[in-house]
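Dear colleague,

Please find below the structure that I am handing over to you.

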Amino acid sequence: MIGNFLKGLLFGSIAGGLGGLLFAPKSGNETREELIRYLDDTTEATLEFNDSVKQLKDAVMVTRKTIEETIPVVTESFTKDLEAFKFQAQPRLARIKTQMEQLNQHITTIQAQSAEDTKQIENL
């Protein structure tokens with residue numbers, strides 16, 4: 001069985017090689033030159049691609065380092081700003097709360113007075 005396979009493989013290789021030689025659209029020299037140009041172009045493109053990947057990798061590493069250095073500084077700055085805002089806002093919020101309580105007392109007083117006035121008008 002393997003012998004038949006090897007005979008078929010040998011016959012197919014010979015037939016394919018002869019067919020390629022007989023029906024090739026270009027001469028062997030032209031085909032070799034075209035293949036060499038193709039390999040040179042492909043090699044150059046691969047080298048350029050590798051350079052681009054290396055540059056991208058370097059840029060990503062620089063960006064990552066910058067981010068790692070920047071995040072703690074920004075976080076600390078935001079924390080300080082938030083603490084300062086809270087420090088400034090707490091007295092203001094206390095004053096607003098006091099004023100709201102006073103307004104609620106005035107509203108309650110006005111409502112009570114209004115109810116009393118309404119009763120007096122009805123009694124007239």
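I begin with one side chain: K54 counts as exposed, at 52% relative accessibility. Here buried stands for under 20% relative accessible area, exposed for over 50%, and partly exposed for what falls in between, with a 1.4 Å probe and protein chains only. The salt-bridge partner of K54 is D58, with 3.2 Å from N to O; a salt bridge requires a side-chain nitrogen of Lys or Arg within 4 Å of a carboxyl oxygen of Asp or Glu. D58 is partly exposed, at 35% relative accessibility. About one helical turn separates K54 and D58, because they are 4 residues apart in helix α2.

The model is predicted, so local features need pLDDT of at least 70 and side-chain atom pairs count only at pLDDT 80 or more, while totals for chains, interfaces and linings use all residues. Residues are numbered from 1 along each chain as its sequence is written, and side-chain values use heavy atoms, with hydrogens and water left out.

Overall form

The protein chain contains 2 helices and 0 strands. Both kinds of element are DSSP runs numbered from the N terminus, helices being H or I with at least four residues and strands E with at least two. Helix α2 covers residues 28-123.

How does the radius of gyration of the protein chain stand against that of a compact globule of 124 residues? The chain has 45 Å, whereas such a globule would have a value near 14 Å. The radius is taken over C-alpha atoms, and the globule rule is 2.2 Å times the number of residues to the power 0.38. Along the principal axes, the C-alpha atoms fill a box of roughly 130 × 45 × 35 Å.

T109 and G3, 106 residues apart in sequence, are 114 Å apart in space. T42 and V74 are 32 residues apart along the chain and separated by 46 Å. For E83 and L103, 20 residues apart along the chain, the separation is 30 Å.

Of the 124 residues, 1% count as buried. The accessible surface of the chain comes to about 11900 Å², and 65% of this belongs to carbon and sulfur atoms. These areas come from the Shrake-Rupley method with a 1.4 Å probe, and for residues only the protein chains shown count as cover.

Salt bridges and charges

How many salt bridges does the structure hold? There are 3. Besides the bridge of K54 and D58, R64 and E68 meet in one at 3.2 Å, N to O. R64 and E68 lie 4 residues apart in helix α2, about one turn of the helix. R64 is exposed at 57% relative accessibility, and E68 is partly exposed with a relative accessible area of 48%.

K80 and E76 also form a salt bridge, again with 3.2 Å from N to O. Both of these residues are in helix α2, 4 residues apart, about one turn of the helix. K80 is exposed, with a relative accessible area of 51%, and E76 is partly exposed, with 45%.

The chain as a whole carries 14 positive and 18 negative side chains, and the centres of the two sets lie 5 Å apart. Lys and Arg count as positive and Asp and Glu as negative, without His and the chain ends; each charge is placed at NZ of Lys, CZ of Arg, CG of Asp or CD of Glu.

Surface patches

Which residues form the negative surface patch? They are D40, D41, E44, E48 and D51. Patches are made of residues with over 30% relative accessible area and no salt bridge, with like charges joined within 9 Å and nonpolar side chains (Val, Leu, Ile, Met, Phe, Trp, Tyr) within 5 Å. D51 lies in helix α2 and is partly exposed, with a relative accessible area of 47%.

A nonpolar surface patch consists of L93, I96, M100, L103 and I107, which together have about 480 Å² of accessible area. I107 is placed in helix α2 and is partly exposed, at 44% relative accessible area.

Other residues of helix α2

T42 belongs to helix α2 and is partly exposed, with a relative accessible area of 33%. E83, also in helix α2, is exposed at 52%. T109 is likewise found in helix α2, and its relative accessibility of 51% makes it exposed.

Yours sincerely
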